[in-house]
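User: Could you take a close look at one part of this model for me, residue by residue where that helps? Once you're done there, carry on to whatever else stands out.

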Amino acid sequence: MSGADAILSRVDKVRARGPGQWSARCPAHEDKAPSLSIKELPDGRILLHCFGGCDVQDVIAAIGLEVSDLFPPTDRAFEPVRRPRLLPAGQALEILDFEAQLIALCAANIANGVELTDADRDRCRVAAGRIGAIASEVRA
């Protein structure tokens, strides 16, 4: 039994709207005319929408199912999503080198009693942010 069959067998006034698409009375509210849209996607996922405004959780609960029943079973173990690297390692090192030198120059000026301008302070914050972003990327 497909996920759609499990839902269609529990709702009233089911009408086919097209391949893999149906309408039915929403079981979560007093529905005189069908206001629940049901669609089965090619991968087996089920989409539900109540045009009367009911939440999907309420619709599912009203027919005795769980939200997980809207998704096909899978044999795969959970695999974390891997983000692609934003920068090649060589480019990241060039940026780190430049930003570290900029911060070192600011630190030397401060140590020698030279007051940094607002623009200099802002640029130091940008440098620190870039260094932090690259560090986060490396840790990911």
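Analyst: Let's start with W22: its bridge partner in β3 is I38. Bear in mind that this is a predicted model, where local features need pLDDT of at least 70 and side-chain atom pairs count only at pLDDT 80 or more, while totals for chains, interfaces and linings use all residues. Residues are numbered from 1 along each chain as its sequence is written, and side-chain values use heavy atoms, with hydrogens and water left out.

The strands and helices here are DSSP runs numbered from the N terminus (strands are E, at least two residues; helices are H or I, at least four). W22 belongs to β2, where A16 stands opposite it. So much for that residue; now the strands around it. β1 (residues 15–18) pairs antiparallel with β2 (residues 21–24) over 3 bridges; pairing takes at least two bridges found by DSSP. The hairpin they form has 2 residues between the strands, and G20 there takes a positive phi near 70 degrees. β2 also runs antiparallel to β3 (residues 36–40), joined by 4 bridges.

Put together, you get an open sheet of 4 strands in the order β1-β2-β3-β4, with antiparallel pairing. β1 and β4 (46–50) are the edge strands, each pairing on one side only. On average, neighbouring strands are turned by 25 degrees against each other, direction ignored.

Now for the helices. The axes of α3 (residues 89–111) and α4 (residues 118–139) come within 9 Å and cross at roughly 145 degrees; axes are lines fitted to C-alpha atoms, for helices over the stretch in contact, and angles run from 0 to 180 degrees between N-to-C directions. On the α3 side, the residues that meet α4 include L96, F98, L102 and C106, and their counterparts in α4 include C124, A127 and I131. Contact means heavy atoms within 4.5 Å. The residues of this contact divide into 13 nonpolar, no polar and 3 charged (nonpolar covers Ala, Val, Leu, Ile, Met, Phe, Trp, Tyr, Cys and Pro; charged covers Asp, Glu, Lys and Arg; the others, Gly among them, are polar).

C106 counts as buried because its relative accessibility is 10%, the cut-offs being under 20% relative accessible area for buried, over 50% for exposed and partly exposed in between (1.4 Å probe, protein chains only). Neighbours within four places in sequence aside, C106 is in contact with L116 and C124. Its C-alpha sits 9.6 Å from that of R123, 17 residues apart along the chain.
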